[in-house]
Amino acid sequence: MATSILVVKPEVEFSSRLTALLSPHAATLSVHLVKNRKEALDALGKASFQQIVTSLRIPGVSDGYRFLGQIVNKTIESKKIIAVVDHKTDGVQAGIAAIGLEHIYAADDFEGIVRVILRNAGLVSAPAKRAVSVPETPAVTVAEVSSALSRVMGPVGSLIFKNAQKQWKNTLDNNELIQIIVAEIDEAEQIKQFYNLLR
């Protein structure tokens, strides 16, 4: 059965990009887009959603807080709700956390938002608290690493690659980059596919 996701965000650009990033999982994820609190409440009255991604500004911040107050642990459990904010300040985080939400992301953090959606849908597991065992790979270029990652992870691969590059300290050691990427993928079958493409 498909997981239905309600996305409450006025900006078309955000919704379009999120839908594109989730498109490899279109068989199991169904995205329903609305622009404001009224449309969201109407949609919730007509259908059942397993996850909700909502902006605080729908169209005003007070609408976002009111909407969260109406749905958290009433319509849907809090861990299945992702709050999207323009700026992830301490005050905003504290206000949303007070409502009982744990998933708060800046509007441009698509990697984090997609990862929570996939985890909630059971398509990826929660990150393991363990060291990742990474075999040495033959000499590969950074371009080959990026290409292999994109082939395995689809559009999400480019987000994982950018994040891995930020964490990569010894840029002369491509195996370090691969290890960071493997820790981000954190799914045995996809890691295996990634390694096979690097050989």
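Modeller: Strand 1 (residues 3–8) and strand 3 (residues 51–55) run parallel and are joined by 4 bridges. Helices (H or I, at least four residues) and strands (E, at least two) are DSSP runs numbered from the N terminus. This is a predicted model, in which local features need pLDDT of at least 70, side-chain atom pairs count only at pLDDT 80 or more, and totals for chains, interfaces and linings use all residues. Residues are numbered from 1 along each chain as its sequence is written, and side-chain values use heavy atoms, with hydrogens and water left out.

Colleague: Which residue of strand 3 is the bridge partner of I5?

Modeller: Two strands pair if DSSP finds at least two bridges between them. For I5, the bridge partner in strand 3 is Q51.

Colleague: What is the strand order of the open sheet?

Modeller: The sheet has 5 strands with parallel pairing. Strand 2 (29–34) and strand 5 (103–106) each have a single partner strand, so they stand at the edges. The order is 2-1-3-4-5.

Colleague: Is S78 buried or exposed?

Modeller: S78 is found in the loop between helix 3 (61–71) and strand 4 (81–85). Buried means under 20% relative accessible area, exposed over 50%, and partly exposed in between (1.4 Å probe, protein chains only). With a relative accessible area of 13%, S78 is buried.

Colleague: Which residue has its backbone oxygen 3.3 Å from a polar atom of the side chain of S78?

Modeller: Leaving aside neighbours within four places in sequence, S78 is in contact (heavy atoms within 4.5 Å) with V72, N73, G100 and L101. The backbone oxygen at 3.3 Å belongs to G100.

Definitions and conventions. Polar contact = N/O pair within 3.5 Å; in protein donor to acceptor, adjacent residues only side chain to side chain.
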